[in-house]
Amino acid sequence: MTTVLALPVLLPVLAAGASLALRHHHTTQRLLSVGVLATVLATAITLLVRADQRGPQVLPVGGWDAPTGVSLVADRLSALLLTVSILVALSVLVFAIGQGVTEPGNETAATFHPAYLLLTGGVGLAFLSGDLFNLFVAFEVMLGASYVLITLDSGRARARAGMTYTMTSLTSSLLFITAVALCYGATGTVNLAQLAGRVAELPEGLRSALSLLLLVVFGIKSAMVPLHFWLPDSYPTAPSPITAVFAALLTKVGVYGMLRTQTLLFPRDDTWILLAVLAIATLLIGVLGAIAQDDVNRLLSFTLVSHIGFMLLGLALFDVAGLTGAILYVVHHIVVQATLFLAAALVVHRTGTAALHRMKGRAPPTALITLLFLVPAMSLAGIPPFSGFIAKLALFQAAVAEGSGTAFALLGAAVLTSFLTLAAMARLGRKAFLETVPGPSPASSAHPAPPASPASPPAPPDDEAHQEVPARLPGRLMLGATCAMALTGITLAVCAGPLARLSERAADDLLRRDTYRTAVLEEEGR
Amino acid sequence: MNTLDATLATVVGGLFAVGFFLLMQRSLMRVVLGFVVLGHGTNLLLLSAGRSGDPPIVEGPMRQVDGYADPLPQALALTSIVITFGLTTFLLALAYRSWRLTGHDEVRDDLEDRRIGTARERVDAGERTDAGERTDAGERTDAGERTGAGERTGAAEQTRDRREGTAAEEETPEDLA
């Protein structure tokens with residue numbers, strides 16, 4: 001019955017191959033991608049229900065039992081994150097299809113689908129992997145696909161940003177192999193469940209070194225300050241649906257890796273001061289960066305960096321309450337950040353520019369777009385009825401309950417960041433929605449070209465972020481996908497009670513460790 | 001728990017040092033080479049995580065398990081070699097594309113970063129800079145860029161970057177002011 005565990009990995013990867021073969025049949029390709037992701041979503045929900053009711057689900061791949069062979073494990077945390085991730089990936093896919101339909105003559109669509117499916121397959125494998133080396137392979141599958149996606153149809157800016165992104169990710173991957181090699185050299189296993197037991201027997205210094213190395217690896221992947229510089233440089237240059245899915249999934253997989261390895265392999269009894277300091281730095285530097293930005297997507301990328309800090313905060317507290325908050329925050333942030341990027345894409349689509357200072361006088365976004373932006377923006381800032389408030393409340397309560405000086409410092413930084421996020425969102429909203437002139441006039445007549453422009457060379461093709469495209473109305477699919485995401489965000493807030501309890505059980509599993517270990521290792525006996 | 005012997009440790013350490021040094025260069029070609037060298041370093045480290053010197057597992061009469069080399073690090077290293085190989089080809093393609101598009105293989109600074117960093121100065125400088133920049137922007141050609149890359153002096157690099165920054169953002173000064 002646990003064969004179902006293989007589906008979130010197997011289906012997208014097989015479909016990616018089929019999709020590549022079908023690259024001349026665009027409609028079939030689209031239907032295949034949507035169909036596969038919908039099936040995977042159903043599988044993920046099944047896994048979540050089963051993991052919650054019957055404990056971690058384990059599948060020994062290839063017939064070798066746990067410590068010998070590679071196993072796939074779905075416990076509450078991984079199943080929950082998998083479900084939310086696939087849901088977001090599906091919505092973003094629909095959005096991307098909508099955007100591709102509205103822009104005929106898009107040559108990159110054929111490569112987009114296989115790479116996208118491979119990306120979701122990699123994300124699935126990363127969440128389900130029960131083995132450190134397999135986790136590395138999952139990251140490579142996922143990142144390999146993301147390198148292709150970020151450099152799709154590349155002009156100058158994209159080639160440059162893609163290079164930055166690729167090099168940074170590759171460096172962290174190499175550090176990851178180094179960590180795997182050192183772990184294996186020290187303990188003689190790469191199975192996470194078995195490592196958990198053996199790492200505890202290692203000398204203190206060696207254990208800290210391995211813990212720090214893994215922290216750096218996942219810190220780069222999840223854009224933790226001071227390892228975040230690559231993110232705001234590279235994400236905004238990609239096409240907006242791709243930025244949305246990267247922002248939602250890739251950094252969160254990094255956070256998941258951090259949660260999993262640090263709690264399972266390197267348990268500690270009290271607050272982790274180093275991570276607390278890093279969390280404060282991430283919170284503040286990220287949001288201050290966001291306030292300084294002029295480009296919509298860059299601004300959102302900086303808030304993404306900043307809000308990674310909330311998840312680090314939860315992990316730094318290292319107790320059930322803190323981890324519950326961190327898990328809730330990851331779930332909330334996956335949905336909300338993707339919605340924001342999609343809404344921003346709609347705004348850019350409508351006004352024809354991503355630069356805030358040029359939005360003045362452009363065609364204003366419609367009321368629906370305004371609403372679609374407002375909901376996730378308020379949620380991100382943590383305004384009460386939305387999911388951000390619930391996740392933040394859980395974190396704040398955890399910090400207050402902890403009661404130490406570090407916890408209060410974290411609390412202060414988090415509160416300040418929430419206000420600054422609100423300020424950044426308000427500024428974005430004012431520029432994009434209030435200062436645009438009402439009326440149906442298209443951008444070109446409302447904003448005549450400056451007199452010098454005929455003499456100057458034509459806009460360079462690399463400048464995608466600021467390319468002047470005519471104002472258009474977004475297609476139904478784009479609006480529909482964004483609406484679905486916004487509604488998911490609201491549903492998270494409505495279902496806050498069950499979700500919080502589920503997160504708490506997941507956090508409890510993380511700290512107890514035995515649930516995971518016995519579930520994986522008892523397979524040995526059968 | 002295995003221990004590295006001194007030679008292997010020195011070689012791995014040396015490869016890491018050279019790899020990271022090359023990764024921090026401006027030239028894309030060196031960065032790619034840095035990745036390759038660093039990849040070799042990690043693969044060697046992975047390989048050395050098992051015991052070395054024993055025979056591999058082969059068919060035939062069963063010997064004691066202790067007598068064989070640990071096959072797992074070899075399998076891991078093989079996987080990792082395949083992955084690094086694939087990604088190296090991708091990197092080379094990307095570097096080639098970047099060279100085709102820009103005419104040189106340097107990693108450039110981020111325009112938007114620079115624009116935000118200098119927004120204040122540009123507003124302060126006002127009209128004079130505005131006129132000067134506009135001429136610069138008009139003159140910008142691919143040939144000019146290539147010469148700039150050839151000179152590779154700090155000053156030339158700065159000028160080029162500034163020129164590109166303003167060329168892409170030519171309406172900016174009056175918009176901000």
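How many of the residues of α12(A) are buried? In this predicted model, the count is 22 of 22, so to speak a helix that is mostly covered. Helix α12 of chain A takes in residues 296–317 and reaches 33 Å from its first C-alpha to its last, close to the 32 Å expected at 1.5 Å a residue.

The largest one has 210 residues, and M142(A), V180(A), A316(A) and A338(A) have the most contacts inside it. Helix α13 of chain A, residues 320–351, gives the most to this core, with 21 residues. As for A316(A), its contacts, once neighbours within four places in sequence are left aside, are T271(A), W272(A), L275(A), A276(A), A279(A) and L410(A).

Several loops of chain A are worth a look too. P56(A) sits in the loop between α2 (26–54) and β1 (57–60). This proline counts as buried because 22 other C-beta atoms lie within 10 Å of its own, where 20 or more are needed. Setting aside neighbours within four places in sequence, P56(A) touches A51(A), V73(A), A74(A), D75(A), T515(A), Y516(A) and A519(A). By contrast, A321(A) is 265 residues from P56(A) along the chain, and their C-alpha atoms are separated by 21 Å.

The loop between α8 and α9 (230–234) of chain A holds P226(A), and A223(A) is in the loop between α8 and α9 as well. A cis peptide bond joins V225(A) to P226(A), with omega at about 10 degrees. A223(A) has a positive phi near 60 degrees, though this residue is something other than glycine. A223(A) is also buried, because 26 other C-beta atoms lie within 10 Å. Another non-glycine residue with a positive phi is R513(A), at about 70 degrees. R513(A) belongs to the loop between α19 (496–512) and α20 (514–521) of chain A. With 17 other C-beta atoms within 10 Å, R513(A) is partly exposed, since a buried residue would need 20 or more.

How far can the details of chain A be trusted? The mean pLDDT of chain A is 85, and 90% of its residues reach 70 or more. Where pLDDT is low, the predicted coordinates should not be read in detail.

Chain B is built from 9 helices and 0 strands. Of its 177 residues, 28% count as buried. Among contacts in chain B between residues at least 6 apart in sequence, 65% join residues at least 24 apart. An unreviewed UniProt entry annotates residues 6–24, 31–52 and 72–96 of chain B as "transmembrane region". Residues 6–24 of chain B are 95% helix and 0% strand, and the end C-alpha atoms of this span lie 27 Å apart. For residues 72–96 of chain B, the end C-alpha atoms lie 36 Å apart, and the span is 100% helix and 0% strand.

Note on methods. Residues are numbered from 1 along each chain as its sequence is written. Chains are lettered from A and ligands numbered from 1 in the order in which they are written. This is a predicted model: local features need pLDDT of at least 70, side-chain atom pairs count only at pLDDT 80 or more; totals for chains, interfaces and linings use all residues. A nonpolar core is a set of buried Ala, Val, Leu, Ile, Met, Phe, Trp, Tyr and Cys residues joined through C-beta atoms within 7 Å. A residue is buried if 20 or more other C-beta atoms lie within 10 Å of its own, exposed if 12 or fewer, and partly exposed in between; C-beta atoms are placed from the backbone. Helices (H or I, at least four residues) and strands (E, at least two) are DSSP runs, numbered from the N terminus. Two residues are in contact if their C-beta atoms, placed from the backbone, lie within 7 Å. UniProt positions are given in the numbering used here, feature names are shortened, and annotations may be inferred rather than shown by experiment. The expected span of a helix is 1.5 Å times one less than its number of residues. pLDDT is the predictor's confidence in each residue, from 0 to 100.
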